[in-house]
Amino acid sequence: MSSRTQVLSLYRSLLRTSKGFVNYNFREYALRHVRESFASARGATGEEAANLYQAGLEQHKVCLCATHFYHVVSRQEVCVGTSLIALTSRDKSQSSRVALLVEKALFLKGS
């Protein structure tokens, strides 16, 4: 069961994370999506509210991964295919970090 305080904390965290997108369109879409999702779920109670809270936690993880990913590659040329990530960066550690973030984001989205 999620309390009102936990739900409001999740809402604020999602808004804060959404503001981390470098691209204006991604940022505004994420902010709008968070606001609309919480507005539509406002009257939820019981089991439905608990399920929505868990879904919100998962979306927060995905949003965190996405903001980190776009922040890392915002100044680089990226080609993401089904299993190919090509970066123009010469820094191998940064390339592997981006690959891990993409894999994590795809894993969280699939689960």
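**Figure 1. Y53 in helix α3 of the predicted model.** Helix α3 covers residues 46–73, and Y53 is found in this helix. Y53 has a relative accessible area of 15%. Because buried means under 20% relative accessible area, Y53 counts as buried.

**Figure 2. Residues around Y53.** Which residues is Y53 in contact with, leaving aside its neighbours within four places in sequence? The contacts of Y53 are S2, Q6, V7 and L10. A further pair to look at is Y53 and A41, which are twelve residues apart in sequence. In space, the C-alpha atoms of Y53 and A41 are 9.7 Å apart.

**Figure 3. T17 in helix α1.** Helix α1 runs over residues 4–18 and includes T17. Is T17 buried or exposed? T17 is buried, as its relative accessible area is 10%. When residues up to four places away in sequence are not counted, T17 touches H60, C63, L64 and T67.

Figure 4. The protein has 111 residues, and 29% of them count as buried. For contacts between residues at least 6 apart in sequence, 57% join residues at least 24 apart. The accessible surface of the protein is about 8,100 Å², and carbon and sulfur atoms account for 55% of this surface.

Methods: Residues numbered from 1 in each chain as written. Predicted model: local features only at pLDDT ≥ 70, side-chain atom pairs only at ≥ 80, totals over all residues. Heavy atoms only, no water. Buried < 20%, exposed > 50% of the residue type's maximum accessible area, 1.4 Å probe, protein only. Contact = heavy atoms within 4.5 Å. Areas by Shrake-Rupley, 256 points an atom, 1.4 Å probe, with all protein chains shown as cover. Helix = DSSP H or I, 4+ residues; strand = E, 2+ residues; numbered from the N terminus.
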